[in-house]
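Here are my notes on this one, as numbered points. Have the model open while you read.

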Amino acid sequence: MKNPIQLSKFLTDNKQRTLQYLKNAFPALSFDDTEDVYQDSSLALYLNICNGKLTNLTSSLYTYFLRICINLSLKLLNKRERMLTVAIGDGGAGCRAIPCDMLEQAMLNEDESETRRIEERKQNLVNAIIVEMNEQCRHLLLGRYVDGYSWSSIAQRYGIANADTAKSIAYRCRKKFREKYHHLAAKIEGLTKD
């Protein structure tokens with residue numbers, strides 16, 4: 001999409017749904033903030049197209065653009081306060097930034113048992129890792145372990161050569177997930193120091 005008219009039409013056609021998504025996913029952002037993120041993301045998309053970074057795009061252009069918007073929103077929020085990104089919606093396809101202070105208050109509620117607090121922390125950690133995974137890994141793992149699809153169904157659904165290839169890719173995704181989970185869980189428990 002090197003044609004500036006096509007890019008302009010794409011951005012115009014998708015502006016309202018992108019702004020609505022940002023408003024829902026990041027309630028801490030003001031209207032002006034979401035407008036700024038949208039404009040900055042539009043510029044980043046234009047520059048990426050001009051620099052040839054979209055030649056091997058593995059997702060839709062809108063998904064790629066939305067990921068730019070999400071990343072810029074998170075950067076903006078992280079400048080303001082500590083935020084945790086968690087998966088929400090249909091199988092982790094979306095994300096939401098939640099202030100850590102608010103999350104910590106909910107987790108440290110004195111009425112909750114220690115087991116419940118630990119389980120919530122683990123779930124939040126899992127959600128945060130899933131949001132950060134690439135789209136293919138997220139689809140494979142959620143399709144298999146949340147939705148219960150067979151490997152052959154997953155392969156067909158996501159355009160993978162066969163069930164064995166889907167299993168192999170999922171194995172690598174699980175391995176990356178476990179490594180990140182154990183590393184972050186150890187940090188949370190104070191077992192490692194940076």
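1. A definition before the rings come up: rings of Phe, Tyr and Trp (its six-membered ring) pair if their centres lie within 6.5 Å, with planes under 30 degrees apart called stacked, over 60 edge-to-face and the rest tilted. By that rule, ring pairs link Phe10, Tyr38 and Phe65 into a cluster.

2. Some housekeeping. This is a predicted model, where local features need pLDDT of at least 70 and side-chain atom pairs count only at pLDDT 80 or more, while totals for chains, interfaces and linings use all residues. Numbering runs from 1 along each chain as its sequence is written, and side-chain values use heavy atoms, leaving out hydrogens and water.

3. The overall layout: the protein chain has eight helices and two strands, in the order α-α-α-β-β-α-α-α-α-α along the sequence. Helices (H or I, at least four residues) and strands (E, at least two) are DSSP runs, numbered from the N terminus.

4. Now back to the rings. The whole structure holds four aromatic pairs. One of them is Phe10 with Phe65, edge-to-face at 6.0 Å centre to centre and 80° between the planes. Phe10 sits in helix α1 and Phe65 in helix α3 (residues 61-80), so this pair ties together parts 55 residues apart in sequence. Both Phe10 and Phe65 are buried.

5. Phe65 also pairs with Tyr38, again edge-to-face, at 5.6 Å centre to centre and 85° between the planes. Tyr38 belongs to helix α2 and Phe65 to helix α3, so here the parts tied together are 27 residues apart in sequence. Tyr38 is buried as well.

6. How do α1 and α2 pack? Helix α1 (residues 4-25) and helix α2 (residues 31-50) meet at an angle of about 140°, their axes 10 Å apart. That makes α1 oblique to α2; angles under 35 degrees count as roughly parallel, over 145 as roughly antiparallel, 65 to 115 as roughly perpendicular and the rest as oblique. Axes are lines fitted to C-alpha atoms, for helices over the stretch in contact, and angles run from 0 to 180 degrees between N-to-C directions.

7. Who touches whom there? Contact means heavy atoms within 4.5 Å. Residues in α1 including Leu7, Phe10 and Leu22 meet α2 residues, among them Tyr38, Leu45 and Ile49.

Conventions: Buried means under 20% relative accessible area, exposed over 50%, partly exposed in between (1.4 Å probe, protein chains only).
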